[in-house]
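Work through these exercises with the model open. Try each task before you read its solution.

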Amino acid sequence: MTRKVLIVEDEHRIRELISDYFAAQNWEVCQAADGEEGLYVFETEVPDLVILDLMMPEMDGWELCRRIRRRSGVPIIILTAVSGDERQIEGYELGADDYVTKPFSPKVLVSKAEVLMRRIDGQLTPNPYAPVGCGVMLHIRNRRLEREGESIDLTPKEYELLQLLLRNRGIVMPRETILSHTWGPDYEGDIRVVDTHIKKLRSKLGPAADCVRTVFGIGYIYEEAP
């Protein structure tokens, strides 16, 4: 599965340099030159990782990090010339997952991103389970659901679809966004393939099926049952 990274950096040279290194490692790259554009691209592209600078025009990185965290648990790496323990602590308190100070090595930055994503996927953690809701757990390594004593296999597309919804809890995901992220931007088939896979996924979620709600005329949203 190709991962997507959003790079939010107002310095064009640095933004392009980072993009080139990630693209060389087969990442799909999205860019933004300021915080407002970054928030828009984040909501439309649904990246797997966000790298953002702190000192930017329009909306700074602090505010962008804060707003992204209200919407999603997507991994965030802060990239900045601002040093000092207090600033780093502030970044972590806002929800950043890592902090890289300029000047930096793009190669090291990509390595940090790869390690972070493996950790998020559960490959470096002793407990590779992610809660889905209503007692249902997702086994990340084996890509299976565990519910009511049963182990239920997910197809690759069902797994990617569930991961996308879980990473964006509380956010309405348009069908077009789901299609592009899960089937790729070049997919030319019927968009109703999304509805078909959602139906199959719900049948496997059992008591957590109601967490995946239909938003009429738009798409789907993941919300834990009250």
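A nonpolar core is a set of buried Ala, Val, Leu, Ile, Met, Phe, Trp, Tyr and Cys residues joined through side-chain atoms within 4.5 Å. Buried means under 20% relative accessible area, exposed over 50%, and partly exposed in between (1.4 Å probe, protein chains only). The model is predicted: local features need pLDDT of at least 70, side-chain atom pairs count only at pLDDT 80 or more, and totals for chains, interfaces and linings use all residues. Residues are numbered from 1 along each chain as its sequence is written, and side-chain values use heavy atoms, with hydrogens and water left out.

**Exercise 1. Find the largest nonpolar core and the elements that build it.**

Step 1. The largest nonpolar core holds 31 residues. Val132, Leu138, Leu145, Leu162, Val194 and Leu205 have the most contacts inside it.

Step 2. Two or more residues each come from β6 (129-133), β7 (136-139), α6, α7, α8 (193-205) and β12 (219-222). Helices (H or I, at least four residues) and strands (E, at least two) are DSSP runs, numbered from the N terminus.

Step 3. Helix α6 gives the largest share of this core, 6 residues.

Step 4. Now take Val132. Beyond its neighbours within four places in sequence, its contacts (heavy atoms within 4.5 Å) include Leu138, Leu145, Leu162 and Leu205.

Step 5. A second, separate core has 22 residues, among them Cys30, Leu39, Ile68 and Tyr99.

**Exercise 2. Describe how α6 and α7 pack.**

Step 1. Helix α6 spans residues 156-167 and helix α7 residues 175-183. They pack at about 125°, with axes 10 Å apart. Axes are lines fitted to C-alpha atoms, for helices over the stretch in contact, and angles run from 0 to 180 degrees between N-to-C directions.

Step 2. The two helices are therefore oblique to each other. Angles under 35 degrees count as roughly parallel, over 145 as roughly antiparallel, 65 to 115 as roughly perpendicular and the rest as oblique.

Step 3. List the contact. Helix α6 uses Lys157, Glu160, Leu161, Leu164 and Arg167; α7 uses Ile178, His181, Thr182 and Trp183.
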